[in-house]
Amino acid sequence: MFLSADVTVDKQDGFLGVLATAAEDFIAVFNKGGEVLLSLMGGILPTLIVLLTAVNALVRLIGPEKIENLGKAAARPGLQWYPVRYIVLPFVAVFVLTNPMAYTMGRFLPERFKPAFYDSAVSFVHPILGIFPHANPGELFVYVGIATGIQQLGYGLGDLAVRYMLVGLVVIFIRGIVTEAITARMMKKGA
């Protein structure tokens, strides 16, 4: 026999009520997780999968050894290679691969430079937005918020975009050098 739709069950009190509420809350967490997964399946996940496939295909077409050579060139000792490692490589990675794929470019660097490269690349995903919004469209609201205030003051956005990116390049260079020094010190200590 099936229950009709107008039958209600009284809420339990005491221990059974707490247990029932806990069970409902427990399954609600997984229901919410399922909703998030479905939203990702129709949103960013397909894009990331296609982008990963395209990047891997590009790496194979160019040849992994050539890309590794770029990483090796950026990893050369000497002060003259710092700008390549912490300005050129992050700029190219963020411009071409966009956020979050840009960080994968660090896989071609030796382990001792990976944290500093990541720090440089992750610090550059906002400053590039004013001129190249494709690099990080999910975070465009940061630049738009600043740009709105600048426009209300009567200033143009072109100058802001250029200055924002130039300051970003200086900042990622400094961050890369500082993070490299911290990483070297931590590696010496065995931490």
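Author: What follows looks at one helix pair and then at a loop. The model is predicted, so local features need pLDDT of at least 70 and side-chain atom pairs count only at pLDDT 80 or more, while totals for chains, interfaces and linings use all residues. Residues are numbered from 1 along each chain as its sequence is written, and side-chain values use heavy atoms, without hydrogens and water.

The pLDDT (the predictor's confidence in each residue, from 0 to 100) averages 83 over the protein, and 88% of the residues score at least 70.

Helices here are DSSP runs of H or I with at least four residues, numbered from the N terminus. The axes of α4 (residues 82-97) and α7 (residues 157-189) come within 9 Å and cross at roughly 130 degrees, where axes are lines fitted to C-alpha atoms over the stretch in contact and angles run from 0 to 180 degrees between N-to-C directions.

In contact (heavy atoms within 4.5 Å) are Y82, P83, R85, Y86, I87, P90 and F91 of α4 with M165, L169, I172, F173, G176, I177 and E180 of α7.

In the loop between α4 and α5 lies T98, whose phi is near 60 degrees, a positive value in a residue other than glycine. P100 has its place in that loop too, and a cis peptide bond with omega of about 10 degrees joins N99 to P100. Most residues other than glycine have a negative phi, and most peptide bonds are trans.

Conventions. Helices (H or I, at least four residues) and strands (E, at least two) are DSSP runs, numbered from the N terminus.
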